[in-house]
Amino acid sequence: MYKEITTDNLQEEIADGQLTFVQYSATWCGNCRMMKPTFKRLGEGADDAQFIMVDAEKFPNSRSLAEVDNLPTFAAFKDGKLVKQLQTNKTALLKEFINEITAN
């Protein structure tokens, strides 16, 4: 499942314990726009995880759940806690990151 949050409520989204992948991005970020279609496609094909897009500029509380100091940042949450994160603009690295987390 893929969705973009429209309020600063990522904490609520990850609280149910489901595996959640987050792309932190911003409207001005070219690399974020480049990675969004891949992230969205991966999310639409996933039954066992949710994929959420977060605007790191608009939603500071959601941003604070990971260490976002560069965009795009991808983060994996399980049971409401940050499991791992990755900063990349490479599709292959994003896919490896997701495969590593889902394999555990």
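User: Which residue forms a disulfide with Cys29?

Analyst: The model is predicted, and the structure holds one disulfide. A disulfide is assigned to a pair of cysteine sulfur atoms within 2.5 Å. The sulfur atoms of this pair are 2.4 Å apart. The partner of Cys29 is Cys32.

User: Is the disulfide of Cys29 and Cys32 right-handed or left-handed?

Analyst: The handedness follows from the torsion about the S-S bond of Cys29 and Cys32, which is about 75°. Because of that torsion, the disulfide is right-handed.

User: Are Cys29 and Cys32 buried or exposed?

Analyst: Buried means under 20% relative accessible area. Cys29 has a relative accessibility of 4%, and Cys32 has a relative accessibility of 2%. Cys29 therefore counts as buried, and Cys32 likewise counts as buried.

User: Why is β2 described as largely enclosed by the rest of the structure?

Analyst: In a regular strand the side chains alternate between the two faces of the sheet. On one side of β2, Thr20, Val22 and Tyr24 are buried, and on the other Phe21, Gln23 and Ser25 are buried. β2 is therefore largely enclosed, the count of buried residues being six of the six.

User: Which residue in β3 stands opposite Ser25?

Analyst: β2 and β3 run parallel and are joined by six bridges. Ser25 is one of the buried residues of β2. In β3, the residue opposite Ser25 is Asp55.

User: Which residues are closest to the centre of the largest pocket?

Analyst: The largest pocket holds about 230 Å³ of space. Its lining comprises 15 residues, and by class these are six nonpolar, four polar and five charged. β2 (20–25), α2 (30–44) and β3 (50–55) each supply at least two residues of this lining. Closest to the centre are Glu4, Ser25, Lys36, Met53 and Asp55.

User: What value does phi of Asp79 take?

Analyst: Most residues other than glycine have a negative phi, and most peptide bonds are trans. Asp79 is a residue other than glycine with a positive phi. Asp79 belongs to the hairpin of β4 and β5, which has two residues between the strands. Phi of Asp79 is near 55°.

User: Is Asp79 buried or exposed?

Analyst: Asp79 has its place in the loop between β4 and β5 (81–87). The cut-off for an exposed residue is over 50% relative accessible area. With a relative accessible area of 52%, Asp79 is exposed.

User: Which peptide bond is cis, the one that joins Leu71 and which residue?

Analyst: Omega of this bond is about -5°. The residue concerned is found in the loop between α3 (60–63) and β4 (73–78). The cis peptide bond joins Leu71 to Pro72.

User: What distance separates the C-alpha atoms of Leu82 and Ala66?

Analyst: Leu82 is in strand β5 and is partly exposed, with a relative accessible area of 35%. Along the chain, Leu82 and Ala66 are 16 residues apart. Their C-alpha atoms are separated by 6.8 Å.

User: What distance separates the C-alpha atoms of Ala49 and Phe77?

Analyst: Ala49 lies in the loop between α2 and β3. Its relative accessible area is 2%, so Ala49 is buried. Ala49 and Phe77 are 28 residues apart along the chain. The separation of their C-alpha atoms is 9.9 Å.

Technical notes: Residues are numbered from 1 along each chain as its sequence is written. This is a predicted model: local features need pLDDT of at least 70, side-chain atom pairs count only at pLDDT 80 or more; totals for chains, interfaces and linings use all residues. Side-chain values use heavy atoms; hydrogens and water are left out. Helices (H or I, at least four residues) and strands (E, at least two) are DSSP runs, numbered from the N terminus. Buried means under 20% relative accessible area, exposed over 50%, partly exposed in between (1.4 Å probe, protein chains only). On a 1 Å grid over the protein atoms alone, a cavity is a set of points where a 1.4 Å probe fits but cannot get out, and a pocket is an open set with protein on both sides within 12 Å along at least five of seven lines; lining residues have an atom within 4 Å of a point. Grid points are joined across faces, edges and corners, and a volume is the space filled by probe spheres set on the points. Ala, Val, Leu, Ile, Met, Phe, Trp, Tyr, Cys and Pro count as nonpolar, Asp, Glu, Lys and Arg as charged, and the others, Gly among them, as polar. Two strands pair if DSSP finds at least two bridges between them.
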